[in-house]
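Hi,

Here is the structure I promised to pass on. Have a look at it first, and my notes on what turned up follow below.

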Number of protein chains: 2
Amino acid sequence: MKNAKASITIRDVAKTAGVSVSTVSRVLNDKDDVSVETYERVQKVITELGYTSSLAAKSMRSRKTNVIGLVVPDLKQTFCLKVIKGVHRAIEQLDYDLLVYTGGNSLAQDRPLREQKYVSLLNGSIADGTIVVTPTVETFSTDYPLVIVDPHLDSTEFPAVIATNRIGAMSAMEYLLGLGHRRIGFIGGRPDLQSAIRRLQAYKDSLAQANIPLDPDLIQIGDFTQKTGYRCAEKILALPTRPTAIFAANDESAIGAIEAINHAGLKVPEDISIIGFDNIEEASFVNGGLTTIDQFMGDMGYVAVEMLVNLIQNKPLETHLKRMPTKLIVRNTCRAIKVEV
Amino acid sequence: MKNAKASITIRDVAKTAGVSVSTVSRVLNDKDDVSVETYERVQKVITELGYTSSLAAKSMRSRKTNVIGLVVPDLKQTFCLKVIKGVHRAIEQLDYDLLVYTGGNSLAQDRPLREQKYVSLLNGSIADGTIVVTPTVETFSTDYPLVIVDPHLDSTEFPAVIATNRIGAMSAMEYLLGLGHRRIGFIGGRPDLQSAIRRLQAYKDSLAQANIPLDPDLIQIGDFTQKTGYRCAEKILALPTRPTAIFAANDESAIGAIEAINHAGLKVPEDISIIGFDNIEEASFVNGGLTTIDQFMGDMGYVAVEMLVNLIQNKPLETHLKRMPTKLIVRNTCRAIKVEV
DNA sequence: CTGTTAGCGCCTTCAC
DNA sequence: GTGAAGGCGCTAACAG
C-alpha cells in the first residue's frame, strides 16, 4: 500500500550478509551444503534484522507449510473448544502449527459457503491439511488432506472422528430406565449431524427395547444450544402428562432445560431428572453436578490430528471412521422414582 | 508433493474459459471493465471447476487479504475466550475474516518466541493486521498494524486495550473495606502484565488510604490460573492470623482459592469472604455466585478490532491506549463482619 | 474491454 | 559451497 519501509525480505538479508538469496534460502531450510562460516553469518543477520520468511511466499513455492488448519463453526460451543484443545495438544507434540478459522455466526445463512470457502482458503494454500468440526455441508472440494470431527449425516467421503454416540446414548437411557423412569423426554440436537441422529435413534431404540411406546410429543429438536434447550424443555413441560426425566442430547441443552424447569417452579432432580451428553466443564457446577455422558471431546481433536498427519505424510489410515468411547458420569441430576404398577 | 492433479489454478480457469489470466483475475476481484458476457462465462468455469484462489498467492501479490490475525496464549483461560468472542463479533460486522493462532502451552519456555513467530507469520503476510492478547514480550517486530489486549508491563509501542484495572480493583477493595474487613489477603496474577500490576497497586493503595498497614505475607502472586489460586490461598490460610477476606486478581484464582478454603474445612463467605475479577461465566455458578468485578472482556476484543481496522485503513486512532470500564458485581461470596475496636 | 508484461518473496534446479 | 535463472499463483500497470 504505502508502507515504504515494508517488511524485510530474504533479499535484504542476502544483501546485508553479502551472499545470494539462494544461500539465505539454504540456511533457512537447513540444507546441508552451506559452510558453517556462511551459515553463521547469515543466521546472525537474520536475527539482527528480525527477519521472518513470509508464510505466503513460502507456502506458494513449496507446497508444505507445516501448518494445520482447523475450521470450527463457533467459539461459543464448549464442544468446539474442547476439540480445539485436543487438537492443540496434538499439534504441539507433532511440531505442527495451528491456524484456526472460526466462521462467524454459526446460524448464519451463509455458513455452508463460509465453510467451503475456508477449507479451500486454508487447504493446500496455507495449510498442509485441515480439520473441520461439525460441518453443515456433506462434502468439500479439496485435493488436500481433510478430516472431519462429528461429520454431517451424509458425509462419508472424508475420514472422520465421531463418538460412540449410540452406545453412549443407550447407556444414558439404560441408567434412566434403571432408576425407574418410564416417561422420558428427549431434547435433540442439530439433525444434520450424525451424532445428533444417532443419539435420537438410541433414545427410540431404548424405549422400544423396554417396551415403552414412543410419544412423539416427548421429542423436541433443538440445535445443541442452551437457548433451544430451554425452549424444548418448555414445550415438554407444557405437556398434559409431564415426563419424570429428560435426556438432553448435549449438556448445553441440558443446562437450558434445567433453567426452564426451575423457571417453571420445579426442581431437579426432585421433580424431574436430567441427563446430558458431552461432560463439558460447566456440567460439574450446574445444579450440584449434571449427570451426563462423557465423550472425551479433547481426545476427538487429538485423534483427528493424528489421522490428518498420517494423511499428510501419505501413511495408511487405520480406519476411515474412528469411533471414540463414551462413559456415563453419574452426578446429581437424576434420581430414582418409585415405579407404579 | 506428489499430488499430480494438484489444485486448479487461475490458469486452468483462463484456459478452459478461453481468456487470459488477467481477465480471470478481473472477474475474481470484481473489476469494472469486464464485459458481462465474459464475466459470466468465466464465473461459470470457476464454479464448474470448483476453483478458489490461493490465499497465499493473493496475499503475496496484493498486500491486502481482508483477514485479521489473532494471537492468544491459550484457549484454557476464559479471559481469552471472551476476548475472542468479542473479536469475532466485530469481525463479522466489519466483514473481515479471522485467523486465530493459539500458541500452545502458555507456560512453555518458548512462548515469547512463538508469539513473535506468529505475529510475523500472520502479519503482513496473510493478515492485514493482528491482535495479540496478554503477550509475554514487550514488543513485536512488525511493520503492519498491531493491537494488544491487556499489554505487557513495558509495552507502549503499540496501541492497546486495557480495562480500568485500578478503578475496578479499588472498588473491590472499597467494597471489602465497607463490609468491615481489615485484614485482607491478595492473590495476584502474572506480574508481567499491566493488568496484574495495577490491581496489585490498587490493593496496596486502598489499604494505605484506609490506614491499614501492609502485611507482605498477605500478598501471594500466581499466574491467573485456578491452580496457582489454590496454592496462593493455601499459603495465606497457613498464616498465624488468617485474613477475613481475600481479593483474587481474577476469577480463576478466586475459584482456586475457594477450593483451597473448602479443603481447609472453612466456608465462604462465613469464614472468609472472596472477591474476584473478570466476571467469567463460571463466576455465577461457583459457591452460589462469586462476587467479582466485571471487566467486559468481550467488549475489549470488540474494541481491539475497531482500533485495528482503523489502523489498517490508515485512519487516526482516538487513543493509543483504550481503557474499558469495570463494574462491581455483588453475589454471594462476601459478607460483612463485625468490626472489633 | 482484453491480453501482455512485470514482478510479489521464496525455493529449486543447474551451472560454476 | 555458492550464485543465477526460472517459476509458484496471482495482481497491477501498460498497451492495444
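Strand β2 (residues 97–102) of chain A and β2(B) run antiparallel and are joined by two bridges. One pairing to look up in your viewer: A:Tyr101 has B:Leu99 in β2(B) as its bridge partner. Bear in mind throughout that this is a predicted model.

Now the DNA. Which residues come nearest to DNA strand C? Out of 26 residues around DNA strand C, they are A:Thr9, A:Ile10, A:Ser22, B:Ser22 and B:Thr38. Both protein chains take part through their helices: α2 and α4 of chain A, along with α2 and α4 of chain B, each supply at least two residues of the surface near DNA strand C. The most comes from α4(A), with five residues. Sorted by class, the surface near DNA strand C has 10 nonpolar, 12 polar and four charged residues.

Then there's DNA strand D, which 25 residues surround, the closest being A:Ser20, A:Ser22, B:Ile10, B:Ser22 and B:Ser25. Two or more residues each come from α2 (21–28) and α4 (55–62) of chain A, and from α2 (21–28) and α4 (55–62) of chain B. Here the largest share of the surface, five residues, is from α4(B). The classes near DNA strand D are nine nonpolar, 12 polar and four charged residues.

Last, a helix pair within chain A. How do α1(A) and α2(A) sit relative to each other? The axes of α1 (residues 10–17) of chain A and α2(A) cross at roughly 105° and come within 8 Å. The two helices are therefore roughly perpendicular to each other. From α1(A), the residues A:Ile10, A:Arg11, A:Val13, A:Ala14 and A:Ala17 meet A:Val21, A:Thr23, A:Val24 and A:Ser25 of α2(A). That contact divides into six nonpolar residues, two polar and one charged. A:Ile10, by the way, is also one of the residues that come nearest to DNA strand C.

Cheers

Methods. Residues are numbered from 1 along each chain as its sequence is written. Chains are lettered from A and ligands numbered from 1 in the order in which they are written. This is a predicted model: local features need pLDDT of at least 70, side-chain atom pairs count only at pLDDT 80 or more; totals for chains, interfaces and linings use all residues. A residue is near a molecule or strand if its C-beta atom, placed from the backbone, lies within 6 Å of it. Helices (H or I, at least four residues) and strands (E, at least two) are DSSP runs, numbered from the N terminus. Ala, Val, Leu, Ile, Met, Phe, Trp, Tyr, Cys and Pro count as nonpolar, Asp, Glu, Lys and Arg as charged, and the others, Gly among them, as polar. Two strands pair if DSSP finds at least two bridges between them. Axes are lines fitted to C-alpha atoms, for helices over the stretch in contact, and angles run from 0 to 180 degrees between N-to-C directions. Angles under 35 degrees count as roughly parallel, over 145 as roughly antiparallel, 65 to 115 as roughly perpendicular and the rest as oblique. Two residues are in contact if their C-beta atoms, placed from the backbone, lie within 7 Å.
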